[in-house]
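Me: I would like to learn how to read a protein model. Could you take me through some features, one at a time?

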Amino acid sequence: MKKGCLFDLDGTLVDSLMDLAICANTVLQAHHLSTHELSKYNQFVGNGVKKLMERAIGKDHLDILDECLEEFYQVYEEHCLDHTIPYPGMSKLIHELNDSGIRLGVVTNKPHYLALQIVEHCFPDCFVTILGQQDLYPVKPNPESTCIALMNMKLGHQDCYFIGDSNVDIDTGYNADMETIGVTWGFRGRAELEAAQATYVVDTLQELKEIIYNDRS
């Protein structure tokens with residue numbers, strides 16, 4: 001019986017793609033580089049902000065990556081909640097799970113201070129632990145931050161699902177010896193999640209809820 005759920009953030013709990021895209025394009029415009037359509041950012045995100053900007057500026061401009069990265073942080077910190085909201089029905093589900101005694105955590109490749117800001121704004125007082133990208137440990141799919149989150153939640157690896165929208169999340173769960181649930185409403189879609197061999201793949205919050213609660217019966 002599972003006692004907890006570890007969630008990815010972007011594309012799983014919240015739809016943040018527009019803010020990420022707008023802020024990245026703002027930096028690109030400042031350097032007279034080509035901007036990208038919103039849909040393109042579906043493939044840019046998932047491996048941390050540095051990788052996002054590396055993909056956005058392109059391999060021919062990596063000499064200005066550090067400068068663009070710093071500018072992105074400055075812009076995104078001010079605008080990370082302009083359009084970012086929980087997916088429809090997600091706030092209700094998170095509160096239901098929390099009220100049911102299921103321990104909840106977030107493990108994301110978003111910078112830690114920004115992850116805290118977004119999670120606490122969208123889901124105040126719902127998560128036992130929130131771990132974003134820090135220099136203390138590698139980004140996902142390395143399982144180190146996930147293992148720290150499990151310790152904070154006082155749960156074993158088999159006591160908790162890892163839930164996310166990309167192969168990075170499924171690989172993270174696999175590397176941490178956890179069962180995984182892939183959600184198709186995020187940035188990558190069913191094909192990627194199935195190719196990554198997620199334990200379950202769900203299309204709706206109701207399906208997600210049923211898996212979590214059926215495992216507790």
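Me: Is C160 buried or exposed?

Reply: Start with the cut-offs: buried means under 20% relative accessible area, exposed over 50%, and partly exposed in between, using a 1.4 Å probe and protein chains only. C160 has a relative accessible area of 0%, so C160 is buried. Before we go on, note that this is a predicted model, where local features need pLDDT of at least 70, side-chain atom pairs count only at pLDDT 80 or more, and totals for chains, interfaces and linings use all residues. Residues are numbered from 1 along each chain as its sequence is written, and side-chain values use heavy atoms, with hydrogens and water left out.

Me: How many disulfides does the structure hold?

Reply: A disulfide is a pair of cysteine sulfur atoms within 2.5 Å. The structure holds 0 disulfides. C160 is in none, and its nearest cysteine sulfur, in C5, lies 6.0 Å away. For C126, the closest cysteine sulfur is that of C122, and because the two sulfurs are 11 Å apart, they are too far for a bond. C126 is buried too, with a relative accessible area of 4%.

Me: How should I describe two packed helices?

Reply: Two packed helices are described by the angle between their axes and the distance between the axes. Axes are lines fitted to C-alpha atoms, for helices over the stretch in contact, and angles run from 0 to 180 degrees between N-to-C directions. Helices (H or I, at least four residues) and strands (E, at least two) are DSSP runs, numbered from the N terminus. Take helix α4 (residues 65-79) and helix α6 (residues 112-122): their axes are 11 Å apart, at an angle of about 15°. Angles under 35 degrees count as roughly parallel, over 145 as roughly antiparallel, 65 to 115 as roughly perpendicular and the rest as oblique. That is why α4 and α6 are called roughly parallel.

Me: Which residues of α4 and α6 meet?

Reply: Contact means heavy atoms within 4.5 Å. From α4 come Y73, Y76 and E77, and they meet Y113, L114, Q117 and I118 of α6. Sorted by class, this contact has 5 nonpolar, 1 polar and 1 charged residues. Here Ala, Val, Leu, Ile, Met, Phe, Trp, Tyr, Cys and Pro count as nonpolar, Asp, Glu, Lys and Arg as charged, and the others, Gly among them, as polar.

Me: At what angle do α5 and α10 pack?

Reply: Helix α5 (residues 90-99) and helix α10 (residues 205-214) pack at about 10°, with 11 Å between their axes. This makes α5 roughly parallel to α10. M90, L93, E96 and L97 of α5 make the contact with L205, L208, K209, I212 and Y213 of α10. Those residues divide into 7 nonpolar, no polar and 2 charged.

Me: Which residues of α8 are buried?

Reply: In helix α8 (residues 167-175), they are V168, D169, I170, T172 and G173. These buried residues pack against several elements, including β4 (103-111), α7 (144-153) and β6 (160-164). After α8 comes D177, with a positive phi near 60°.

Me: Where does H83 lie?

Reply: H83 sits in the loop between α4 and β3 (85-86). Its relative accessible area is 40%, so H83 is partly exposed. Not counting residues up to four places away in sequence, H83 touches D15, M18, D19 and I22.
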